[in-house]
Amino acid sequence: MREGVTNRGGVAGEGAAVARTPVKTFQAYLPPAHRTYSCIHCRAHLASHDELISKSFQGSQGRAYLFNSVVNVGCGPAEERVLLTGLHAVADIYCECCKTMLGWKYEYAFESSQKYKEGKFIIELAHMVKENGWD
């Protein structure tokens with residue numbers, strides 16, 4: 001071993017206690033007693049389990065959930081896209097805290113059988129985590 005180099009990977013001041021308090025500034029907080037879905041990247045609250053409509057959706061990066069309403073998300077401009085279920089006008093949604101793209105909002109469905117999706121939100125599983133009260 002060379003002089004002055006340790007195999008511990010330590011740094012000066014190692015072992016000193018550093019108190020760090022994470023600071024979260026979300027636009028909205030969901031009640032702590034409810035099961036919630038949060039952004040996997042920054043832990044901002046996204047939706048209550050009570051707002052979940054379906055777990056049977058497909059996002060651009062894999063499985064996704066359909067929600068009635070969400071919080072702490074921003075919305076991009078609407079554009080027409082051909083999805084698995086036909087032509088829709090959708091707007092990408094992103095986390096307001098860390099700006100990660102999460103999924104999309106259905107603005108308009110061109111087929112009558114898809115109208116139930118209008119105003120609803122898709123969040124991909126790859127971008128969310130379950131928190132508070134899950135067993």
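This report walks through the strands, the surface, the aromatic rings and the nonpolar cores of one predicted protein model.

## Ground rules

The model is predicted, so local features need pLDDT of at least 70 and side-chain atom pairs count only at pLDDT 80 or more, while totals for chains, interfaces and linings use all residues. Residues are numbered from 1 along each chain as its sequence is written, and side-chain values use heavy atoms, with hydrogens and water left out.

## The overall build

Let's start with the big picture. The protein chain has nine strands and zero helices; helices (H or I, at least four residues) and strands (E, at least two) are DSSP runs, numbered from the N terminus. Read from the N terminus on, the order is simply β-β-β-β-β-β-β-β-β.

Contact means heavy atoms within 4.5 Å. Take the contacts between residues at least 6 apart in sequence: 45% of them join residues at least 24 apart.

The chain has 135 residues, and 34% of them count as buried. Buried means under 20% relative accessible area, exposed means over 50%, and partly exposed lies in between (1.4 Å probe, protein chains only).

Five aromatic pairs turn up in a search of the whole structure. Rings of Phe, Tyr and Trp (its six-membered ring) pair if their centres lie within 6.5 Å; planes under 30 degrees apart count as stacked, over 60 as edge-to-face and the rest as tilted.

One of the pairs is Tyr65 with Phe67: the ring centres are 6.4 Å apart and the planes sit at 50 degrees, so this pair is tilted. Tyr65 is buried at 6% relative accessible area, and Phe67 is buried at 0%. Now look at Tyr108 and Phe110, with centres 4.8 Å apart and planes at 80 degrees, so that pair is edge-to-face. Tyr108 is partly exposed at 37%, and Phe110 is partly exposed at 37% too.

## Two nonpolar cores

A nonpolar core is a set of buried Ala, Val, Leu, Ile, Met, Phe, Trp, Tyr and Cys residues joined through side-chain atoms within 4.5 Å. The largest has 15 residues, of which Phe67, Ile123 and Met128 touch the most other members. Strands supplying at least two residues each include S1 (36-39), S4 (62-67) and S8 (121-124).

Leaving aside neighbours within four places in sequence, Met128 contacts Tyr37, Ser38, Ile40, Leu46, Tyr65, Phe67 and Ile123. A second, separate core has seven residues, among them Phe57, Leu66, Val90 and Trp104.
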